[in-house]
Amino acid sequence: MKNSVRLSAMSVTVLFIIGFAVLFFFASEWYSNRGKLEKLAYQERILHNDMEHLEVVGKWTLDYVKIEKALTYMLGDRISEVSFRILAEHLWQISQSYSLDPLIILAVVAQESRGNPLARGRFQTGKFSGALGLMQIKLETAKKIGRRFGFVIENENDLMQPDVNVVVGSAYLIRLIGKYGNLREALVAYNLGHTAVDKLLEKNAPLPTSYYEGVVRRYKDLVHHCSF
């Protein structure tokens, strides 16, 4: 009887040792696998971040290519290669800074000047209207916008530079979008002047839409031409 008791005690001891060993083994495996999983999760996060970065860079690249195609389509060889590159860079920076489709700006250029960097606006009577360059900006408006955004506009010759004209015109358009909260009213104000639009809105009078519709048609044409 005593021998059987000793065997039971020894069995329990052996079983305890085996159980402890198994438990230790599984604990070690769990800890090891946990480390591997954490490493894999970290690598996955890095890969995800890299993919997001590549996606953003890809979008930036596509936007720049789109701008180049649109400028080539609209301007042809009417500006120098240097001016072309500066203008493309400015348009790209504006589009990224303000989340504004660069083709919207270029649609305004197409509507205003047909892509003629030396355009001088005329009234129906033939008299000079004061509107200059690609986005048909008036000198006084350009000076006000320039002061607000840190540009120095001194004379008409400054506005005949394509990059200066488009930067100032874009700044004015962006300001109007901020004022009215939508592109439609901003474009009408770009054409008529914000004072005229404010008066119409105060009276609940309908806004003329021909200019806005013209810009939309130009925009659709540019989208079609610049699609990949």
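1. A word on terms to start: a residue counts as buried under 20% relative accessible area, exposed over 50%, and partly exposed in between, with a 1.4 Å probe and protein chains only. Helices (H or I, at least four residues) and strands (E, at least two) are DSSP runs, numbered from the N terminus.

2. Please keep in mind that this is a predicted model, where local features need pLDDT of at least 70, side-chain atom pairs count only at pLDDT 80 or more, and totals for chains, interfaces and linings use all residues. Residues are numbered from 1 along each chain as its sequence is written, and side-chain values use heavy atoms, with hydrogens and water left out.

3. Let us begin with the backbone. Most residues other than glycine have a negative phi. Arginine 114 has a positive phi, near 60°. You will find arginine 114 in the loop between helix 3 (102-113) and strand 1 (120-122). Its relative accessible area is 53%, so arginine 114 is exposed.

4. Glutamine 136 is not a glycine either, and has a positive phi of about 50°. This residue sits in the loop that runs between strand 2 (128-132) and strand 3 (137-138). Is glutamine 136 buried or exposed? Glutamine 136 counts as buried because its relative accessibility is 13%.

5. Now to the charged pairs. A salt bridge here is a side-chain nitrogen of Lys or Arg within 4 Å of a carboxyl oxygen of Asp or Glu, and the structure holds six of them. One of these joins glutamate 81 to arginine 85, at 2.9 Å from N to O. The two are separated by about one helical turn because they are four residues apart in helix 2 (residues 81-98). Glutamate 81 is exposed at 51% relative accessible area, while arginine 85, at 36%, is partly exposed.

6. Which residue forms a salt bridge with lysine 179? The partner is aspartate 198, with the closest N and O atoms 3.5 Å apart. Lysine 179 belongs to helix 6 (residues 162-180) and aspartate 198 to helix 8 (residues 194-202), so this pair ties together parts that are 19 residues apart in sequence. Lysine 179 is partly exposed, with a relative accessible area of 47%, and aspartate 198 is also partly exposed, at 21%.

7. Finally, have a look at the network in which salt bridges with shared partners join Asp63, Lys66 and Asp101. Aspartate 63 and lysine 66 are both buried.
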